[in-house]
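Biologist: I would like to learn how to read a model like this one. Please take it feature by feature, with the general idea before the case.

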Amino acid sequence: MIELSRKLSKGLKHVRIDFYEVDGKLYFGEITFYHFSGFQPFIPEKWDMTFGDWLHI
């Protein structure tokens, strides 16, 4: 999990990567760029655009 997380997060400043281990098998869950599932408003609001500008998808 750690090695895969390092590969998936390479070049990113902050990201959470979720994996699950079930019956000895590794499953990828998700990559999250912001905590609170994106439902918590940014304070001050200007940070919404600042963080969004960091993503190049």
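Modeller: Start with the order of elements: from the N terminus on, the chain runs α-β-β-α. That order comprises 2 helices and 2 strands, where helices (H or I, at least four residues) and strands (E, at least two) are DSSP runs numbered from the N terminus. This is a predicted model, in which local features need pLDDT of at least 70, side-chain atom pairs count only at pLDDT 80 or more, and totals for chains, interfaces and linings use all residues. Residues are numbered from 1 along each chain as its sequence is written, and side-chain values use heavy atoms, with hydrogens and water left out.

Biologist: What radius of gyration does the chain have, and what would a compact globule of 57 residues have?

Modeller: The radius is taken over C-alpha atoms, and the globule rule is 2.2 Å times the number of residues to the power 0.38. A compact globule of 57 residues would come out near 10 Å, but the chain has 14 Å. The C-alpha trace spans about 45 × 25 × 15 Å along its principal axes.

Biologist: How much of the chain counts as buried?

Modeller: Buried means under 20% relative accessible area, exposed over 50%, and partly exposed in between (1.4 Å probe, protein chains only). Of the 57 residues, 11% count as buried. As for contacts (heavy atoms within 4.5 Å), residues 24 or more positions apart account for 2% of those with a separation of 6 or more.

Biologist: How many aromatic pairs are there, and how is such a pair described?

Modeller: Two quantities describe a pair of aromatic rings: the distance of the centres and the angle of the planes. Rings of Phe, Tyr and Trp (its six-membered ring) pair if their centres lie within 6.5 Å; planes under 30 degrees apart count as stacked, over 60 as edge-to-face and the rest as tilted. By this rule the count comes to 4 aromatic pairs. One of them joins Phe42 and Phe51, which is tilted because the planes stand at 40°, with the ring centres 5.3 Å apart. The pair of Trp47 and Phe51 is also tilted, with centres 5.7 Å apart and planes at 35°. Trp47 and Phe51 are 4 residues apart in helix 2 (residues 46-54), so about one helical turn separates them. Phe42, Trp47, Phe51 and Trp54 form one aromatic cluster.

Biologist: Why do Phe42 and Phe51 fall into their accessibility classes?

Modeller: Phe42 counts as buried because its relative accessibility is 18%. Phe51 has 31%, so it counts as partly exposed. Trp47, at 35%, counts as partly exposed.

Biologist: Which residues is Phe33 in contact with, leaving aside its neighbours within four places in sequence?

Modeller: With those left aside, Phe33 is in contact with Leu12, His14, Val15 and Leu55. Phe33 lies in the loop between strand 2 and helix 2 and is partly exposed, with a relative accessible area of 36%.
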